[in-house]
Amino acid sequence: MKSDIEIQRDVMDELLWEPSIHASDIGVVVRNGVVTLMGAVRNYGEKLAAEKAAKRIKEVKAVIMDINIRICNKHMKADKEITEAALNALKWNSFVPEDRIQLKVENAWITLEGEVEWQFQKESATNAVHHLVGVRGVSNFIKVKPVLTPILVKDVIKKALERSADIEAEKIDIELSGGKIILKGKVRSWGERRAVERAVWATPGVVDVNDELIISSK
């Protein structure tokens, strides 16, 4: 098991390795496997990248974000400008059904609402707008409401997990309740946990995932 100092070093190295992050602006504190990121970054996309980088490190139990977004004057945009840019970004993203999504911008914060059939469409909507200049944050309230199909069974999900080289499928239990999937068991890292979630969300008919997986190196 890694010590807090070792985890801190690994997180700092990962931040330095991530090209979209100015690692010198971010401080890292680790206590009992819980990572706190502190400082100020230039945009919301950089803040998200820092969080994802920390969660990629093995034995990180949780990540606390104490990072502010510091937008310089030349990058500040009016809500109208951000709205226009966001609408264009959604329009030009082939994975986003723009006609099903409503967008609102208030104080440089984007709120997304609507309904889509797939989780990747919901995630694509966030990815399309979070990097825009002047954006301070994104709230994604888009609902996933797919058409249920007979293919939604535990065996299909289990096989998807077994195909992934990043997942120890035998340590994961799957419970199914309607379109809701409950995940139980152990994973080795945040990265593996995320890989499991991606595999489950990719299954047709899944409307909700309750992730009760425990991160453990044992």
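## Strands β1 and β2

Let's start with the strands (E in DSSP, runs of at least two residues; helices are H or I runs of at least four, and both are numbered from the N terminus). Strand β1 (residues 26-31) and strand β2 (residues 34-41) run antiparallel and are joined by six bridges; strands count as paired if DSSP finds at least two bridges between them. Ile-26 has Gly-39 in β2 as its bridge partner. Two residues lie between β1 and β2 in this hairpin, and Asn-32 in the turn shows a positive phi of about 55°.

This is a predicted model, where local features need pLDDT of at least 70, side-chain atom pairs count only at pLDDT 80 or more, and totals for chains, interfaces and linings use all residues. Residues are numbered from 1 along each chain as its sequence is written, and side-chain values use heavy atoms, with hydrogens and water left out.

## On to β3

β2 also pairs with strand β3 (residues 62-69), in the parallel sense and over eight bridges. Here Val-41 has Ile-69 in β3 as its bridge partner.

## Helix α3

Ile-82, Ala-86, Ala-89 and Leu-90 of α3 are buried (under 20% relative accessible area; exposed is over 50%, partly exposed in between, with a 1.4 Å probe and protein chains only). They sit on the same side of α3 because they cover an arc of only 95° around the axis, taken from the directions from the helix axis to the C-beta atoms.

The buried residues of α3 pack against β4 (101-106), β5 (109-116) and α4 (119-129), with contact meaning heavy atoms within 4.5 Å. Exposed Lys-80 and Lys-91 are on the face of α3 turned away from its buried side.
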